[in-house]
Amino acid sequence: MNNSILYPDGIPVKREAQVFIQRGKHNKENPFCLISKSMLRDNCLSLRDRGALCYLLSLPDNWISYPRQLADAMGISKNQIYDILKSLIKNGYAERVDCKSPNGRFEATRYFFYEEKLDNP
């Protein structure tokens, strides 16, 4: 039995994975991390939120991680990761997408992160 599902962008994900995090694409010709000054200076974000977003944006394109892995990497609790995700969504630096199977069943939640604030968070 196949235990993975394939999403429109072609990335297979383990079926038991309910929540995962993916970094959006950035310039491959410049593999170092460039961070937007506007994000760093956005007073709507806490220092914790900015640090987490910088960490997430430093990951390779299409990097997939899970909240527990991020919590371990950042030395904080999984609940704190979810608080950060909520804040980043609220402030326009992330979006949450609930993925469903062709028959309409919930499969997973994906988060996408952006270097610049979205127009309509």
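Asn120 counts as exposed, at 72% relative accessibility (exposed means over 50% relative accessible area, buried under 20%, and partly exposed in between, with a 1.4 Å probe and protein chains only). Asn120 lies in the segment after strand 6. The C-alpha atoms of Asn120 and Gly92 are 7.0 Å apart in space, although 28 residues separate the two in sequence.

The model is predicted: local features need pLDDT of at least 70, side-chain atom pairs count only at pLDDT 80 or more, and totals for chains, interfaces and linings use all residues. Residues are numbered from 1 along each chain as its sequence is written, and side-chain values use heavy atoms, with hydrogens and water left out.

**Overall architecture**

- The protein chain has four helices and six strands (DSSP runs numbered from the N terminus, with helices being H or I of at least four residues and strands E of at least two).
- Along the sequence, these elements follow the pattern β-β-β-α-α-β-α-α-β-β.
- Of the 121 residues in the protein chain, 37% are buried.
- Among contacts with a separation of 6 or more, 57% join residues 24 or more positions apart (contact means heavy atoms within 4.5 Å).

- Helix 2 (47-57) has Asp49, Arg50, Ala52, Leu53, Leu56 and Leu57 as its buried residues.
- Seen down the axis of helix 2, these buried residues fall within an arc of 165°, so they line one face of the helix (the arc is that of the directions from the helix axis to the C-beta atoms).
- Helix 2 and helix 4 pack at an angle of about 90°, and their axes are 10 Å apart (axes are lines fitted to C-alpha atoms, for helices over the stretch in contact, and angles run from 0 to 180 degrees between N-to-C directions).
- The two helices, helix 2 and helix 4, are therefore roughly perpendicular to each other (65 to 115 degrees; under 35 counts as roughly parallel, over 145 as roughly antiparallel and the rest as oblique).
- Helix 2 contributes Arg48, Asp49, Ala52 and Leu53 to the contact, while helix 4 contributes Gln80, Asp83, Ile84, Ser87 and Leu88.
- By class, the residues of this contact are four nonpolar, two polar and three charged (Ala, Val, Leu, Ile, Met, Phe, Trp, Tyr, Cys and Pro count as nonpolar, Asp, Glu, Lys and Arg as charged, and the others, Gly among them, as polar).
- Asp49, found in helix 2, is buried with a relative accessible area of 3%.
- Not counting residues up to four places away in sequence, Asp49 touches Ile84, Ser87 and Leu88.

- In helix 3 (residues 67-74), the residues Pro67, Leu70 and Ala71 are buried.
- Viewed down the axis of helix 3, its buried residues fall within an arc of 100°, so they line one face of the helix.
- Helix 3 packs with helix 4 (residues 78-90) at an angle of about 105°, with the axes 8 Å apart, which makes helix 3 roughly perpendicular to helix 4.
- Pro67, Arg68, Leu70, Ala71 and Met74 in helix 3 meet Lys78, Ile81 and Tyr82 in helix 4.
- This contact has six nonpolar, no polar and two charged residues.

**Nonpolar core**

- Within the largest nonpolar core, which has 17 residues, Leu53, Leu88, Tyr93 and Phe113 touch the most other members (a core is a set of buried Ala, Val, Leu, Ile, Met, Phe, Trp, Tyr and Cys residues joined through side-chain atoms within 4.5 Å).
- Helix 2, helix 3, helix 4 and strand 6 (106-113) are the elements that give two or more residues to this core.
- Leaving aside neighbours within four places in sequence, Leu53 is in contact with Met39, Leu88, Tyr93, Phe113 and Tyr114.
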